[in-house]
Amino acid sequence: RRPPRSTPLYSSAASDVYKRQLLSGAVIGLGAIGLSFTMKILRFANFSHSELLTWGAYFGLIFFTIAASLGNVFDAPIGPLSFGWGMFVALIFSAVATSALALLLHKLVFEKLNRVAGHMTMVFASFGVALLLRHMVLLIFGPNPIYYSNELQFAVLLPGNVRVLPDQVFLLGLTIVVVFGLHLFMTRSRTGIAMRGVSENPDLSRVAGVNVSSIINWVWIIGASLASVAGVLYGLTVQLRPELGFALILPLFAAAILGGAGSLYGAVIGGLIVGLSENLSVMIIPTTYKPAVPFLLILAILYFRPEGLFGERK
């Protein structure tokens with residue numbers, strides 16, 4: 001079995017850390033945006049959000065396989081990339097399918113609990129939903145790792161003597177485009193402005209004529225879509241496995257808390273910081289203790305600046 005595709009064949013230790021920081025930080029940042037919005041607007045910590053990354057990755061695999069079976073137009077690799085246009089089809093349909101799953105969970109579980117129970121009950125319910133989603137993936141797809149593509153790639157040389165795979169360049173470029181597009185949506189569209197209003201004061205927004213229920217649906221759609229993109233990008237540059245979301249749950253929360261609940265760029269910057277911290281830690285501590293780094297970051301953030309780097313002091 002070939003090694004994870006994010007591992008380059010030739011590079012220095014410094015460039016390895018640099019690449020792992022950007023790659024893991026980009027994935028964590030995208031996933032943390034939706035979690036950050038959930039914490040700010042829905043006002044509870046949704047531990048099942050990380051499993052949406054897993055489902056998005058596997059939805060992407062299904063649609064990628066279907067698109068690739070249609071012919072060379074979708075199956076033939078684009079330039080030096082390991083995939084064809086079918087990957088873009090998979091990204092779109094994965095976002096739609098994951099959003100539908102998130103809305104279904106909202107209607108069946110969280111919306112009903114929000115009417116009759118407190119936020120802590122919703123947090124515990126999200127634990128149960130996360131376990132259910134994870135074991136459903138295990139039941140349907142099995143425990144073995146899966147790759148999107150087996151195409152062999154050669155690293156390209158970037159300034160600074162850094163070698164990266166073309167798929168990794170695609171990951172970073174798509175992350176930048178998605179974050180910039182979301183910024184325009186949040187600042188220029190009526191729905192985005194309404195979301196910002198609901199995050200500050202839901203009751204006042206409702207009095208002003210904002211359909212809060214519709215805005216909450218948009219929060220789930222945006223969060224699930226970004227989670228699906230993050231999951232597909234993770235699977236593209238590493239591999240798919242059922243515990244994908246479980247392995248990212250602490251980094252996601254660390255990035256969301258570090259950046260500040262509801263902050264778009266805070267979540268992205270928090271993801272980069274978490275990715276850098278995790279990858280630099282392996283130079284000091286054994287890799288088996290690497291998962292503890294996000295937990296330590298969460299404790300430090302809550303102790304010194306609970307509102308996060310871009311959050312407002314109260």
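1. A crossing of two helices is called right-handed if the near helix is turned clockwise from the far one by less than a right angle, and left-handed if the turn is anticlockwise. With that in hand, here are some notes on this predicted model.

2. Let's start with helix 4 (residues 86–116) and helix 9 (residues 212–237), whose axes come within 7 Å and cross at roughly 135°. That angle makes helix 4 oblique to helix 9, and the crossing of the two is right-handed.

3. Who makes this contact? On the helix 4 side the residues include Met-87, Leu-91, Ala-95, Ala-102, His-106 and Phe-110, while helix 9 brings, among them, Ile-216, Trp-220, Ala-224, Val-229 and Leu-236.

4. Now to the rings: the whole structure holds 14 aromatic pairs. In one of them, Phe-44 and Phe-110 sit 5.3 Å centre to centre with 35° between the planes, a tilted arrangement. Phe-44 lies in the loop between helix 1 (13–42) and helix 2 (49–68), and Phe-110 lies in helix 4, so the pair links parts of the chain 66 residues apart. Both of these residues are buried.

5. Phe-110 also pairs with Trp-220: the ring centres are 5.4 Å apart and the planes meet at 20°, so this pair is stacked. Here the link runs from helix 4 to helix 9, across 110 residues. Trp-220 is buried, as is Phe-110.

6. Finally, do look at Phe-83, Trp-85, Phe-88 and Phe-170, which ring pairs join into a cluster.

Notes:
Residues are numbered from 1 along each chain as its sequence is written. This is a predicted model: local features need pLDDT of at least 70, side-chain atom pairs count only at pLDDT 80 or more; totals for chains, interfaces and linings use all residues. Side-chain values use heavy atoms; hydrogens and water are left out. Axes are lines fitted to C-alpha atoms, for helices over the stretch in contact, and angles run from 0 to 180 degrees between N-to-C directions. Helices (H or I, at least four residues) and strands (E, at least two) are DSSP runs, numbered from the N terminus. Angles under 35 degrees count as roughly parallel, over 145 as roughly antiparallel, 65 to 115 as roughly perpendicular and the rest as oblique. Contact means heavy atoms within 4.5 Å. Rings of Phe, Tyr and Trp (its six-membered ring) pair if their centres lie within 6.5 Å; planes under 30 degrees apart count as stacked, over 60 as edge-to-face and the rest as tilted. Buried means under 20% relative accessible area, exposed over 50%, partly exposed in between (1.4 Å probe, protein chains only).
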